[in-house]
Amino acid sequence: MEKYKKYLNNNYKFGKVTFAAILCAIFVISNFYGFVYEVIFYYFNGGMKDIYWRGGCFGPWIIIYGIGALLIYFTAYKRRKKPLEVFLISGLGCGALEFLTGAGFYYLMDGTRHWDYNTEILNFGNIGGFVCLRSVLVFAVSGMLLIYVIVPLLYYLAKKMNRKVFLAVCFTLFAIYAADQLYSSLITAVFPNLPDAYDIYGNLGFKFMEF
């Protein structure tokens, strides 16, 4: 309990490389968290008949959750003594990010959608299919989890683990994610005959959302 109070009341100092490793860990963990959440949600959304592979990569991650987590960290971390503010900043900030991202894809890429709340359950407060109150509440609760569980845990590990081991783990996880994202988003677009996640997981019986 004393260590947790220390986390709330003191500003930790890390070297630039260690801090970068922490940010990489936040990013990858949050991408994975978002993948798990969406797989579970869309299983129920689809009537518990099929499992949907989300994100378009080979690995279990969805990039917008990592981006949202970094947004939360940089805007809400200093407000960690005030949970209500963390809750509101997380929900409103990521809700705005989701709306702008979804609307941006739709209006700039000829109606492209990567999600559509018009077709989903629990879509109360839906705005154009780009954001809804349920997603905002999920972001708000997830922001609390990030600031009060994941970040202090990573800070603790950064202080207690062997530095080289901590850096190796964080940067290796990020490198695996980055390589997957590069291949899935860019290389398969340039060379469409190469197999992608949709080919592999489709053959394994997973479903994909079509908008």
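## Burial and basis of the model

Of the 211 residues in the chain, 39% are buried, where buried means under 20% relative accessible area with a 1.4 Å probe, protein chains only. The model is predicted, so that local features need pLDDT of at least 70 and side-chain atom pairs count only at pLDDT 80 or more, while totals for chains, interfaces and linings use all residues. Residues are numbered from 1 along each chain as its sequence is written, and side-chain values use heavy atoms, with hydrogens and water left out.

## Overall fold

The chain has 7 helices and 0 strands; helices are DSSP runs of H or I with at least four residues, strands runs of E with at least two, numbered from the N terminus. The radius of gyration is 18 Å, close to the 17 Å given by the globule rule for 211 residues, so the chain is as compact as a globular protein of that length. This radius is taken over C-alpha atoms, and the rule is 2.2 Å times the number of residues to the power 0.38.

## Nonpolar cores

A nonpolar core is a set of buried Ala, Val, Leu, Ile, Met, Phe, Trp, Tyr and Cys residues joined through side-chain atoms within 4.5 Å. The largest has 41 residues, and Ile26, Leu146, Ile147 and Val151 have the most contacts inside it. Helices H2 (16–45), H3 (63–76), H4 (83–108), H5 (133–160), H6 (163–190) and H7 (197–203) each give two or more residues to this core. Another core, of 5 residues, lies apart from it and includes Phe27, Cys57, Trp61 and Tyr177.

Notes
Buried means under 20% relative accessible area, exposed over 50%, partly exposed in between (1.4 Å probe, protein chains only).
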